[in-house]
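Open the model in your viewer and follow the stops below. Each one says what to select and what is there.

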Amino acid sequence: MRDIRLAEQMFIPGTLIGPFTQANPGLGGVCTFVGEVRYDDGVEALELSHYEPLTLPGMHELADRAFDRFTLMGLLMVHRVGVLRPGEPIVCVSAAALHRRDSIDAVDFCMDHLKSAAWFWKREKRANQNGGSEWHWIEPRADDHRDLARWQS
Amino acid sequence: MIRFVYLGKLADAAGKSESQFASNSGDIDWPDILALLDDHVREGLSDAVRDKRVKVALNGEVLADREGIVARHGDEVAFLPPVSGG
């Protein structure tokens with residue numbers, strides 16, 4: 001079972017994971033990661049923009065690579081776009097497999113790629129000193145690229 | 001018509017998320033594109049786009065050699081700054 005999508009509205013990970021698990025009968029393990037917008041000081045909102053012709057096709061290519069690399073029964077990958085508030089889920093990746101290592105590693109693999117190589121641009125709305133707030137673009141992080149390098153073998 | 005799409009902070013640099021140009025004069029190449037950005041979108045925008053980390057997609061395909069681009073009537077050219085990840 002393969003379910004790869006972008007979500008324009010808030011989603012509730014629990015409502016995805018139950019049906020996903022049910023759709024992979026006979027699985028030996030399912031691993032799920034949910035990323036949420038952190039409550040960082042002064043951060044009021046996060047906006048994720050994407051480019052339609054690249055972003056979802058890129059996620060499908062990533063899913064293909066995960067299926068090639070690991071022995072999977074199913075893969076769920078849901079990523080938010082649009083404006084999010086702290087505490088809202090951004091991403092949910094769940095992998096079902098016969099054996100735990102494939103499911104855990106597939107989720108780790110997908111997340112490292114989503115965090116550094118997927119076609120998303122992020123900006124944060126932060127409170128400023130004048131009582132208002134401003135948007136700031138978020139630059140790529142060296143840590144994310146280091147995480148990605150783990151898989152380049 | 002040829003459409004330009006600006007992603008991420010290039011949308012701020014352009015002051016808009018996309019622009020359209022009449023393509024009566026035929027195909028446009030990389031120097032034409034840089035000139036259009038400066039003359040018809042915002043002065044100095046070509047400098048932001050010249051940044052080596054900016055990738056260019058033509059009709060949804062990222063170009064390995066952006067300077068070899070040739071855009072025609074009906075094409076969409078996207079300017080993609082480094083991604084910040086999901």
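Begin with chain B, where five strands make an open sheet of mixed pairing, ordered E2-E1-E7-E4-E5. Strands and helices here are DSSP runs, numbered from the N terminus; a strand (E) has at least two residues, a helix (H or I) at least four. Two strands count as paired if DSSP finds at least two bridges between them. Now pick out the edges, strand E2 (18-21) and strand E5 (61-62) of chain B, each of which pairs on one side only.

A word on the model. It is predicted, so local features need pLDDT of at least 70 and side-chain atom pairs count only at pLDDT 80 or more, while totals for chains, interfaces and linings use all residues. Residues are numbered from 1 along each chain as its sequence is written, and chains are lettered from A and ligands numbered from 1 in the order in which they are written.

Stay in chain B. Select strand E1 (residues 2-6) and strand E7 (residues 76-80): they run parallel, joined by four bridges. Val5(B) faces Ala78(B) of E7(B) across the pair.

**Strand E4 of chain A**

Move to chain A and select strand E4 (residues 74-80). Seven of its seven residues are buried, so the strand is largely enclosed by the rest of the structure. Buried means 20 or more other C-beta atoms within 10 Å of the residue's own, with C-beta atoms placed from the backbone. Show the side chains. Gly74(A), Leu76(A), Val78(A) and Arg80(A) point one way, Leu75(A), Met77(A) and His79(A) the other. In a regular strand, side chains alternate between the two faces of the sheet.

Strand E1 (residues 2-7) of chain A runs parallel to E4(A), over six bridges. Ala7(A) stands opposite Arg80(A) there. E6(A) also pairs with E4(A) through six bridges, but in the antiparallel sense. Here His79(A) is opposite Val91(A).

**The four-stranded sheet of chain A**

Next, select E5, E3, E7 and E8 of chain A. In that order they form an open sheet with antiparallel pairing. Its edge strands are E5 (82-84) and E8. Neighbouring strands are turned by 25° against each other on average, direction ignored.

Focus on E7(A). Strand E3 (residues 43-50) of chain A is joined to E7(A) by seven bridges, with Glu47(A) opposite Arg123(A). Strand E8 (residues 133-137) of chain A pairs with E7(A) over five bridges, and Lys125(A) stands opposite Trp135(A). E7(A) and E8(A) make a hairpin with five residues between them. Stop at Gly131(A) in the turn: its phi is positive, about 85°.

**Two helices**

Select H3(A) and helix H4 (residues 142-149) of chain A. Their axes come within 9 Å and cross at roughly 140°. H3(A) and H4(A) are therefore oblique to each other. Among the residues making the contact are Asp112(A) and His113(A) of H3(A), and Asp144(A) and His145(A) of H4(A).

**Where the chains meet**

Finally, show both chains. Which residues are in contact, and how many? The count is 20 residues of chain A with 13 of chain B; contact means C-beta atoms, placed from the backbone, within 7 Å. On the chain A side, the elements giving two or more residues are helix H2 (52-69), strand E6 (89-97), helix H3 (100-117) and strand E7 (120-127).

Note on methods:
Two residues are in contact if their C-beta atoms, placed from the backbone, lie within 7 Å. A residue is buried if 20 or more other C-beta atoms lie within 10 Å of its own, exposed if 12 or fewer, and partly exposed in between; C-beta atoms are placed from the backbone. Axes are lines fitted to C-alpha atoms, for helices over the stretch in contact, and angles run from 0 to 180 degrees between N-to-C directions. Angles under 35 degrees count as roughly parallel, over 145 as roughly antiparallel, 65 to 115 as roughly perpendicular and the rest as oblique.
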